[in-house]
Amino acid sequence: MIKADSETEKDMRRRRITLKDGRYLIFYTFGDKGAESDSHNEAAKHESVKAGLEIPGSKRDGDV
Amino acid sequence: MSELRWNPLLGEWTATATHRQARTFLPPADFCPLCPTKPGGFPTEIPEPTYDIVTFENQFPSLLPDPPEPAVAGTELYPVRPSKGVCEVLVYSPKHSTTLADEPVEQIEKLVRVWADRFRELSELDEVDYVFIFENKGEAIGVTLHHPHGQIYGYPFIPPRIQRELDQSRAHMAQTGRCLLCDIGGEELKDGRRLVATNESFIAYIPFFARWPYEVHISAVRHWQALTDMSRTEQRALAAILKMVIAAFDKLFDISFPYMMVLHQRPSDGRRYDYYHFHLEFYPPLRTANKLKYLAGSETGAGLFINDTLAEEKAQELRRHIQSVSWS
């Protein structure tokens with residue numbers, strides 16, 4: 001299991017991990033709970049790209 | 001084996017997912033795969049306990065990001081395509097013995113915000129043209145796990161029921177210049193007999209054309225298309241009216257009321273759907289405390305639902321159990 005990504009949106013935080021079988025899992029925490037995942041981790045984000053978890057760019061660009 | 005097979009008779013896809021036969025079926029509470037893993041306990045799907053809500057890729061998905069090649073070759077009459085898409089499981093709480101109806105409205109508000117976040121992320125995937133968020137609750141619906149959870153399917157096409165609503169909404173807009181769901185909401189407000197609950201941003205009603213005895217629809221008052229269009233005030237209002245409706249469901253027969261809950265919003269295929277309107281629909285299978293409404297010959301074979309009840313009477317029943325929501 002690797003820590004892959006974490007993001008903060010106001011008081012809602014999400015932390016993405018990769019399970020041993022390659023599936024992703026995202027924890028959502030609100031308020032003070034899970035505050036350790038607040039910081040955005042660029043290195044971890046690159047790990048997620050290698051793991052194939054990065055979300056592709058918006059398909060709306062230019063085709064709406 | 002997993003693939004999409006075209007049905008030329010109905011003009012729609014059927015998904016096969018034979019591996020789902022092996023999925024966990026009603027395990028005892030001590031072996032619930034949706035509880036957080038306990039120290040020294042068996043490993044569940046959720047390896048850590050600190051969260052409010054968690055989502056993960058379904059271990060037994062009907063649609064996959066990297067699906068296998070179809071087991072059979074398609075023909076001109078019978079096209080086949082890989083079942084590409086996404087299936088997520090959305091766990092509402094670390095607590096096993098709760099339901100959405102039992103949770104405080106603050107937890108439901110968190111769920112609404114997670115719904116919006118999942119829509120935002122999944123709708124940007126190239127392989128997903130429609131993000132479908134739903135909950136099957138209760139053994140009467142066929143749930144295999146009791147831990148409170150919903151699901152999200154990212155379909156690689158617009159599913160037929162949604163396409164029909166889109167077609168009807170577009171035609172109504174072309175004919176009248178107005179939104180169909182806005183007109184339905186206006187009609188229900190004007191009549192009043194089928195209203196179940198209202199607040200500043202949403203109305204809940206059993207529609208005039210209900211197919212199930214306690215089929216409640218919750219529709220946005222303001223005209224918007226997707227979860228990501230909601231203001232924070234509207235997110236809170238949606239949580240509040242959801243709490244009111246599902247708590248009333250449980251009080252109807254003093255049981256944990258089974259239902260299917262589905263969110264209908266715009267597709268995510270990059271086109272504009274300004275004529276469409278966000279709403280939720282509940283399809284509870286019970287017609288009395290101990291009798292199910294079955295989808296039998298007419299419903300399944302002809303597509304004509306026969307409702308044994310009147311929406312006006314069932315809405316009145318539900319209204320008696322509606323209570324205002326308390327925020328802590």
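**View 1. Crossing of helices H1 and H4 in chain B of the predicted model.** The axes of H1(B) (residues 105–122) and H4(B) (residues 232–252) come within 8 Å and cross at roughly 125 degrees. Axes are lines fitted to C-alpha atoms, for helices over the stretch in contact, with angles from 0 to 180 degrees between N-to-C directions. H1(B) is therefore oblique to H4(B) (under 35 degrees is roughly parallel, over 145 roughly antiparallel, 65 to 115 roughly perpendicular, the rest oblique). Helices are DSSP runs of H or I with at least four residues, strands are runs of E with at least two, and both are numbered from the N terminus.

**View 2. Residues in the contact of H1(B) with H4(B).** H1(B) contributes B:Val105, B:Ile108, B:Glu109, B:Val112, B:Arg113, B:Trp115 and B:Ala116. Among the residues from H4(B) are B:Arg232, B:Gln235, B:Leu238, B:Leu242 and B:Ile246. Contact means heavy atoms within 4.5 Å. The contact residues comprise 10 nonpolar, 1 polar and 5 charged (Ala, Val, Leu, Ile, Met, Phe, Trp, Tyr, Cys and Pro are nonpolar; Asp, Glu, Lys and Arg charged; the others, Gly among them, polar).

**View 3. Open sheet of 3 strands in chain B.** The strand order is S2-S1-S4, with antiparallel pairing; pairing requires at least two DSSP bridges between two strands. Neighbouring strands are turned by 30 degrees against each other on average, direction ignored.

**View 4. Pairing of S1(B) with S2(B).** S1(B) (residues 2–7) is joined to S2(B) by 6 bridges, and the two run antiparallel. B:Arg5 has B:Thr14 of S2(B) as its bridge partner.

**Notes.** Residues are numbered from 1 along each chain as its sequence is written, and chains are lettered from A in the order in which they are written. In this predicted model local features need pLDDT of at least 70, and side-chain atom pairs count only at pLDDT 80 or more, whereas totals for chains, interfaces and linings use all residues; side-chain values use heavy atoms, without hydrogens and water.
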